[in-house]
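These are my notebook entries on a structure that I looked up. I set down each item in the order in which I consulted it.

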Amino acid sequence: MNKILRKSNVFYDVYERRPGADKLTTTYCPGCGHGILHKLIAEALEDFGVQDRTIFISPVGCSVFAYYYFHTGNVQVAHGRAPAVGTGLKRANPNSIVISYQGDGDLAAIGGLEIINAANRGEGLTVFFVNNAIYGMTGGQMAPTTLIGQITMTTPLGRSVENEGYPIHMSEIIATLEAPVYVERVMLGDTKSIMHTRKAVRKALKIQIEKNGFSFIEVLSACPSGWKMTPIQGEKWVTDTMTKYFPLGVKKDISDTFEGRDFSRKNVEPSELHEVLDIKETRIDAEKIAPFIMKLVAEEIKIAGFGGQGVLSLGTVLSEMGMRHNYEVSWLPSYGPEMRGGTANCSVKISSKKIGSPVVANPTILIAMNRPSLDKFETGVVSGGLIVYDSSLIDRAPTRTDVTVIPIPATKMADELGNTKIANMIIVGALIKYLGIMSQEIVLDSIGDVLKRKELVPLNQKAILKGAEFIKNIK
Amino acid sequence: MSEAASRGHVVINTEECKGCGLCIEACPPKVLYLSKKFNTHGYHNSAYKGEGCTGCGVCFYACPEPGAITVFKRWDLMTDIRMCPHCREKHKVYSKSTNPDELICTQCLKPINEG
């Protein structure tokens, strides 16, 4: 029975990340429950030997800096989003031990749906929900868990049922769901309750380690500063008052019968997806693209017009064709909620180098299909860039003198071909001819792969040729 | 030589103590008290009366600071001082009651290898 109870190795010896001179103490107020719970968690992680594969998620709230203290993997997440981030971490690394540590403002207010849905999916997470009945870090405002009649910064007359409703019982809500394995409400009050909390913490972590199950531990915890009490009064208030509204105890426990959740990472093979989505492998004809492989291409293209003009599909065709020439490509649409009408634009990048971001702020090429688009994007084009505009719809020429300007009466030409909607393909044909970075033959051959309605292939091919013809004549 | 064949010892790291008093409230044999002195943070830190600790560990779990309290269950405080290889100074040591040759420095709490 020789034992030394000392600072756990799961804590850093010195909190180097903590700014300022004091790197040995936590940022918590004297008597705060966070420190006690931190110690219980750290002790369990050390005893179970899982420190190296633990990822601790710090929330927003007083425990936002938990990564100062825990010598584990750490992620600090946006307010209330710990269960969503935890889901991603756990699914990408099923063997990691993911701890979602959240306060009542974080979990029960802004993150209410995140936790309910993560619990409902039964993600293999351990959630520690620290309930102190107020927003502690911001100065003691009312939280969803504030007791009826409790005086806070924002309820100076006490929380009233008519105005603010009832305290939310998160453990009871989570316990009604089918997937959670173990849900208990505990408290950090007297010695006995702290030792009971220790047991609950260990049990919850065990469920994740052994069975990959979801567990939820609500910890009633004192906030002496926020409650304007001494630490001892605070613990007494937890024990005597909080427990009346938030009854302690196991709300759900199916750990005996729970068979466990698969620990393997679920990967979908690309071939399975291709089959379901009816996608063909992109064919790259080495012989035909040979004249283009040495080209240094770095085009950033902005295509803009009104909805229905084929602005987005113009971008898709350009990027799809880029792919067939072994370029790196990206396509990023931006449009309003209307299916027809409204404005739409898309950003396309075609590059011989890897693309870092699909965002195009200053295009090298602007394709303007209507007047508002030209007005909006003309100034952003890089000096020495290219502006292509539909001169049958736009009644002014661009004013920039440091760029190349190509007017194409695309809509008029499309009309002559018998379908106004084909104006976009006339521009594709013209642009490909003008830039010389792709083979017209490949574009004509593979346009059918890109179009959903195969009967329109001949018309599209005709439009591409017409656009190319137009460029040849003005060059 | 054992100074006091005690059931336990508690060491308060005064610089990590915030003086909340939860350990004092929780301590069953009431051997902790709030010091009259200030630590560098300006808190009256918790302190051990020097005898009567049972090594129960209740104060350790009551304390919110990870490193403020260390409890030695069934370790004896020795009267003689030893050279600590970690501190590079001579300090008092704790010896394990079941294996008196196992020693720990009272300052840095690291083991002292007698060999």
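**Contact between the chains.** I looked first at where the two chains meet, counting residues as in contact if their C-beta atoms, placed from the backbone, lie within 7 Å. Chain A contributes 30 residues to the contact and chain B contributes 28. On the side of chain B that touches chain A, at least two residues each come from α1 (22-26), α2 (58-62) and β5 (69-73) of chain B. Helices (H or I, at least four residues) and strands (E, at least two) are DSSP runs, numbered from the N terminus.

I noted that this is a predicted model: local features need pLDDT of at least 70, side-chain atom pairs count only at pLDDT 80 or more, and totals for chains, interfaces and linings use all residues. Residues are numbered from 1 along each chain as its sequence is written, while chains are lettered from A and ligands numbered from 1 in the order in which they are written.

**Strands across the contact.** I then asked which strand of chain A is joined to β5(B). Strand β1 (residues 3-5) of chain A is joined to β5(B) by three bridges, and the two run antiparallel. A:Leu5 has B:Val71 as its bridge partner in β5(B). Strands count as paired if DSSP finds at least two bridges between them.

**Sheet of chain A.** I traced an open sheet of seven strands with mixed pairing, in the order β3-β2-β4-β5-β9-β8-β10 (chain A). Its edge strands, β3 (73-76) and β10 (249-253) of chain A, each pair on one side only. Within chain A, β8 (residues 182-187) and β9 (residues 215-220) pair in the parallel sense over six bridges. A:Val186 has A:Val219 as its bridge partner in β9(A).

**Nonpolar cores.** I looked up the cores next, each being a set of buried Ala, Val, Leu, Ile, Met, Phe, Trp, Tyr and Cys residues joined through C-beta atoms within 7 Å. A residue is buried if 20 or more other C-beta atoms lie within 10 Å of its own, with C-beta atoms placed from the backbone. The largest nonpolar core has 98 residues, of which A:Phe128, A:Ile217, A:Val219 and B:Cys59 touch the most other members. Not counting residues up to four places away in sequence, A:Phe128 touches residues including A:Leu37, A:Ile217 and A:Val219. A second, separate core of 52 residues includes A:Leu318 and A:Ile422.

**Domains.** I recorded domain bounds from an automatic or database domain assignment. Chain A has domain 1 (33-253) and domain 2 (285-474), with their centres, taken over C-alpha atoms, 53 Å apart.

Methods. A residue is buried if 20 or more other C-beta atoms lie within 10 Å of its own, exposed if 12 or fewer, and partly exposed in between; C-beta atoms are placed from the backbone.
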